Each structure stands twice: as structure tokens, then as C-alpha cells.
Amino acid sequence: MVWTLLFIPLAATGTHKAIRANEQLLQRLDSIIEHSDTLEAVKEARISAMRSRFHRTRDPRVKLEQSMRLYDEYLVYDSDSAIRYAAEASRLARRLMPDNAALLAACNIKEAYALGAGGFFDDAVSRLEKVNPEDLSIDQRVEYYITAEYVYSMRTLYLQGCRKTSDSSVNLTLDSRMALIDLSRQNHPEVLWIPIAMAIECGNVDHVPDSIIANLREAVEASTTPSRQTAINSYWLGRYYQLKNDEEQMIHYLAVSAINDALIENRDIASVIDLADWLFHNGDRLRGYNYYVYSSDQVSSYHNRNRLLNMAEKLAAMRDAYHDDVQLHDRRMKVLVGALLVLLMGLIVAAARIVRENRRLKQARTALSDVNGRLKNTIVQRDSAIKALEKTNNELTEANDIKRGVVAFAFQLTADHINAIDDFRKKLLRKYKLNQQADIATILEDTDLNKERYRDFYRAFDSTVLSIFPRFVEEYNADQPEEFRADASAIEKAATLNTRQRIYALRRLGVEKSADIARMLNVSIRTVYNNRNQGVPAPE
């Protein structure tokens with residue numbers, strides 16, 4: 001909301017498409033106007049040097065030449081000084097070369113232009129009446145009719161309200177323009193703009209041939225140094241595109257014309273005034289105002305009375321517009337200040353609420369941190385309980401496996417023992433029936449009989465232990481010194497344990513009494529004792 005209010009006064013500034021498209025050109029013109037004092041100082045230094053030469057010389061012919069040059073320098077710079085040096089040139093020409101009609105005509109034309117620019121229209125007309133255009137060369141006729149068109153048109157504007165005099169000036173203006181149109185058909189470079197100017201004066205630019213526009217644009221683009229002619233050509237192109245509603249091209253050529261005028265210190269300017277007027281009413285009032293001020297200073301320095309009157313009217317309109325802008329700005333500032341106050345109150349309320357919510361959030365974070373701490377402890381306890389439960393489950397699973405293995409082993413051993421007893425009974429019964437008492441006695445006296453049975457027992461015992469304890473060798477080696485550790489691959493291949501390992505297996509099954517272990521394995525109690533202590537070699 002704040003940014004929207006801040007940009008309301010700026011929304012209409014420099015936003016026109018034509019301004020954006022020509023911004024670089026306008027910035028160049030801004031820079032030239034900003035440094036116009038430097039350009040003026042250069043011109044003043046040049047004029048000062050020329051005036052010094054003019055006053056030092058004693059030769060009238062040199063003075064005539066210097067007067068003509070000073071007139072050219074002052075022509076669009078200071079109308080009063082241009083009038084003076086044009087008059088001086090005319091005086092010297094009449095005295096030195098009274099029979100040189102071309103020179104006298106040139107001096108009268110120059111003096112007429114300077115007098116017209118200064119607002120002395122009657123005197124300017126009297127100088128023009130001394131010239132017969134039919135006796136002039138084509139270049140002089142061009143200069144004559146341009147001067148005549150300028151003087152009579154300016155006189156028409158100045159004498160509005162005096163109908164009789166105004167009508168005669170209008171007729172003379174039209175005659176001059178018709179003569180210039182005839183000269184333009186000869187493609188004279190100084191009057192290429194005439195057909196466009198005439199079409200603009202008639203309010204009909206649709207019938208201007210494209211070739212004329214192309215020739216004028218080519219002349220402007222081919223210009224490499226600032227000149228008054230380029231400024232004039234560009235100005236009329238700008239006016240042409242204005243009536244064609246092509247504002248982008250209009251701004252472009254008016255800016256080119258203004259730049260040429262500013263660089264040559266042409267104070268009899270029209271392009272900057274038209275450009276200022278358009279910018280002021282189309283979104284770039286600050287730039288338009290600067291151009292107005294610059295134009296006013298230039299016209300005032302040039303001493304063009306007619307343009308001063310026109311500028312006074314424009315400056316009054318500009319003052320009124322600025323007054324309206326200031327009032328609008330004041331209203332917007334009041335709205336902006338009110339909005340800012342509302343926003344400030346809202347920010348204060350929001351800040352208070354944020355502080356309160358931050359306190360609540362801090363308390364909630366503290367409580368959450370405590371809950372997280374308790375939860376972490378609970379998780380640790382849960383993990384410990386799970387691990388203990390897993391260990392217990394593993395032990396129970398292992399105990400169940402052991403029980404199942406021991407039961408199977410016991411059943412198998414019992415069955416084998418019963419079968420062995422039955423086989424032994426049958427064997428003795430056959431011997432008895434055959435009355436072979438001696439063989440029966442021999443069998444009963446054989447001490448190896450039980451050894452064979454124990455070998456079968458050891459084989460079954462070893463197989464059962466290795467099946468119910470998959471990690472038997474690993475657990476056994478973990479509890480034994482280096483010299484008693486078993487070779488896992490050898491045991492896995494032979495599926496046979498030694499006496500020390502069988503004692504470890506019985507203890508793993510829960511048999512702890514040495515007498516019980518000795519009776520089960522058919523070994524002495526001493527053997528069991530020795531193999532239960534580390535460092536004692538196990539007998540085979």
C-alpha cells in the first residue's frame with residue numbers, strides 16, 4: 001500500500017512509449033543543455049576574436065568581409081547584433097560597390113532577416129522591397145524567399161487583429177511559399193523541407209510524396225556536423241510525423257533538431273519549444289519545464305520580440321499547470337501521511353501481538369524441549385528394553401533349540417542302546433542254543449565291547465552339539481587361550497570334537513558337576529578337572 005501511494009505521483013512521469021523509445025536521444029539533449037554555458041563561452045570567444053579583427057582593420061573591404069562574417073555568427077545568436085552588422089555591411093557595400101547588384105541584394109536580404117527576427121517588420125519589408133528576385137541567382141532566390149516567408153509570416157502573427165495589414169502579409173507569405181515550392185522542385189538542398197511545411201500549413205500531409213520524406217530523412221542522416229540546415233530539416237520532419245500521429249518519430253526528429261540548434265548556439269529555436277510543450281503535456285513535466293526555461297533564456301538572449309510574447313503565454317500556462325500539480329501533490333501527500341499513520345498504528349499493534357506471540361512461542365518451545373528430552377529418554381529405555389528382550393528371545397530360542405536337540409539326542413541314544421542290547425541278547429542267545437558257552441564267555445570278557453559303544457556315543461554326541469550350537473567353535477575359541485583354540489574348518493569337515501571340547505559342550509548344556517561329566521564321557525574326574533582349567537593340555 002505504501003509503495004502504491006509513493007508511486008502515484010511518479011506514475012505519469014516518463015512513461016510514454018515515445019519518451020522511452022527516445023530516452024537516449026533526450027538524455028543527450030539534456031546533457032547539451034546542461035553544458036550550454038560552455039558552448040556559449042566558446043561562441044563568445046570566437047565572436048570576440050572576430051570583433052577585435054573588425055575594429056583593428058582599416059581596410060573597408062576587409063571590414064565588409066568581417067561584417068558579413070559577424071552577421072552570420074549573430075544571425076541566430078543575437079538579432080540586435082545581427083541587425084547592426086547587416087546594416088554595417090549594407091553601408092560599406094553601397095559605398096564601396098554601388099554597382100554590384102548581387103552584393104547589395106545579399107546585404108538587403110540579410111538585413112531584412114535580422115530586422116524580422118528582431119520584430120522590426122516594417123523595416124524588414126522595406127529592405128525586401130529593394131530586391132528584385134528575378135535578378136537573383138537561384139541560391140540568392142532561395143535565401144530571398146526563405147527570408148520573405150519568415151518575415152511575412154512573423155508579421156502576420158504579430159499583427160493579428162489589424163485585418164488589412166494582416167491580409168496583405170498573408171498574401172505575401174503565400175506568394176513566398178509558392179515561389180519556394182517551385183524552387184523545391186529543382187531539389188535545391190536548402191528547400192527540401194518546403195513541401196512538407198506547406199502541407200502542414202494547409203493541414204494535409206497525406207498527399208506528401210514518400211520520395212520527399214525519404215530525401216529529407218536522407219539529408220538529415222547524412223549530416224555529420226551540427227548545422228542550422230539539419231536543424232530545419234529535422235524540425236519539419238518532426239512536425240510531419242506529429243500530424244501523422246507517429247509520436248515516436250516526432251520526438252526523434254524534434255530532438256535531433258534541438259540538438260543541432262543547441263550545438264550551434266541557435267537561439268531562434270522552435271524545435272525545443274515544441275518538444276518542451278509535448279513533453280510537458282505527455283508525462284515528462286520536469287524535462288518539459290527544463291526545456292521551457294532553456295528556450296525562454298535563449299529567446300530572451302536572441303531578442304526575438306515575437307517569440308518572447310509566445311513564450312510568455314506558454315510560461316503562464318506552465319505556471320498554472322505546476323500550481324495544479326503542487327496542489328495535487330499536497331493532496332496526495334496528505335493521503336500518504338494519513339495512510340502512513342494508519343500503517344504505523346497497525347505496525348504498533350502487530351508488533352505488540354508479535355511480542356506476545358513470541359513469548360507464547362518461547363514457552364511452547366521450552367515445553368516442547370522438555371517433552372523431547374523425556375521422549376528421548378523413553379526411546380533410550382525402549383531401545384534398551386528391546387535389546388534385552390531380543391537377547392532374552394535369542395536365549396529362549398537357543399534354549400528351545402538345545403532342548404529339542406538334547407531330547408532328540410536322548411531318544412536316539414536310548415533307541416541305539418536298546419537296539420544294541422537286543423542285538424547283544426540275540427547274539428548271546430544264538431551262542432547259547434548252539435551250546436557255545438566258551439564263545440559266550442569270550443564275548444563277556446571282551447573289554448573293547450564298551451569302547452565301541454562309546455565311540456558311537458561320541459559320534460552322536462558331537463553331531464548333536466554341532467547341530468544345536470551353530471556358533472559352537474566361535475564361542476569355544478572366545479573362552480580359550482591361544483594354544484587350545486580349535487580349527488573351525490577341521491571340525492566342520494570331521495564333525496568330531498575332542499575331550500576338552502566335549503566337556504565345554506556339556507557345561508554349555510548345563511552339566512556342571514565333574515562326576516556327572518566324567519560318568520557321561522567315560523573319563524576320570526581328574527581328566528575333567530584338568531580340562532576345565534585353562535593352560536592344561538587335554539588328553540585324547
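Trainee: Is Tyr144 buried or exposed, and what is its relative accessible area?

Mentor: Start with the scale. Buried means under 20% relative accessible area, exposed means over 50%, and partly exposed lies in between (1.4 Å probe, protein chains only). Tyr144 has a relative accessible area of 9%, so this residue is buried. Tyr145 is buried too, at 14%.

Trainee: What kind of model is this?

Mentor: It is a predicted model, where local features need pLDDT of at least 70, side-chain atom pairs count only at pLDDT 80 or more, and totals for chains, interfaces and linings use all residues. Residues are numbered from 1 along each chain as its sequence is written, and side-chain values use heavy atoms, with hydrogens and water left out.

Trainee: What is the mean pLDDT of the protein?

Mentor: pLDDT is the predictor's confidence in each residue, from 0 to 100. The protein has a mean of 82, and 86% of its residues reach 70 or more. In residues 5-14 the pLDDT is below 50, and this stretch has 14 contacts in the model beyond near neighbours in sequence. Residues 534-540 also have pLDDT below 50, with 20 such contacts. A contact means heavy atoms within 4.5 Å.

Trainee: How many aromatic pairs does the structure hold?

Mentor: First the rule. Rings of Phe, Tyr and Trp (its six-membered ring) pair if their centres lie within 6.5 Å. Planes under 30 degrees apart count as stacked, over 60 as edge-to-face, and the rest as tilted. The structure holds 16 aromatic pairs. One of them joins Tyr144 and Tyr145, edge-to-face, with 5.0 Å centre to centre and 80° between the planes. Another joins Tyr241 and Tyr253, which are stacked: 5.8 Å centre to centre, 10° between the planes.

Trainee: Where in the chain do Tyr241 and Tyr253 sit?

Mentor: Helices (H or I, at least four residues) are DSSP runs, numbered from the N terminus. Tyr241 is in helix α13 (residues 228-243) and Tyr253 in helix α14 (residues 247-263). The pair links distant parts of the chain, 12 residues apart. Tyr241 is buried at 9% relative accessible area. Tyr253 counts as buried at 2%.

Trainee: Which residues do ring pairs link into a cluster?

Mentor: The cluster is made of Phe54, Tyr74, Tyr77 and Tyr85. Look at Tyr77 again in the next case.

Trainee: Which ring does Lys43 lie over?

Mentor: A charge sits over a ring if NZ of Lys or CZ of Arg is within 6 Å of the ring centre and within 35 degrees of the ring normal. Lys43 lies over the face of Tyr77, at 5.4 Å from the ring centre. Lys43 belongs to helix α4 (residues 36-56) and is buried, with a relative accessible area of 6%. Leaving aside neighbours within four places in sequence, Lys43 contacts Glu73, Tyr77, Ile264 and Glu265. There is also Arg502, which lies over the face of Tyr458 at 4.4 Å from the ring centre.

Trainee: Which residue forms a salt bridge with Arg502?

Mentor: Side chains of opposite charge can pair when their charged atoms come close. A salt bridge is a side-chain nitrogen of Lys or Arg within 4 Å of a carboxyl oxygen of Asp or Glu. Arg502 forms one with Asp462, the closest N and O atoms being 2.9 Å apart. Arg502 lies in helix α22 (residues 499-508) and Asp462 in helix α19 (residues 448-468), so the pair ties together parts that are 40 residues apart in sequence. Arg502 counts as buried at 10% relative accessibility. Asp462 is buried at 1% relative accessible area.

Trainee: How many salt bridges does the structure hold?

Mentor: It holds 24. One of them joins Glu23 and Arg287, with the closest N and O atoms 2.9 Å apart. Glu23 is in helix α3 (residues 23-34), Arg287 is in helix α16 (residues 285-302), and they are 264 residues apart. Glu23 is partly exposed at 24% relative accessible area, whereas Arg287 counts as buried at 9% relative accessibility.

Trainee: Which residues of helix α8 are buried?

Mentor: In α8 (residues 121-129), they are Phe121, Ala124, Val125, Arg127 and Leu128. They cover an arc of only 160° around the axis, which puts them on the same side of α8. The arc is that of the directions from the helix axis to the C-beta atoms. The face turned away from the buried side of α8 carries the exposed residues Asp122 and Glu129.

Notes
Helices (H or I, at least four residues) and strands (E, at least two) are DSSP runs, numbered from the N terminus.
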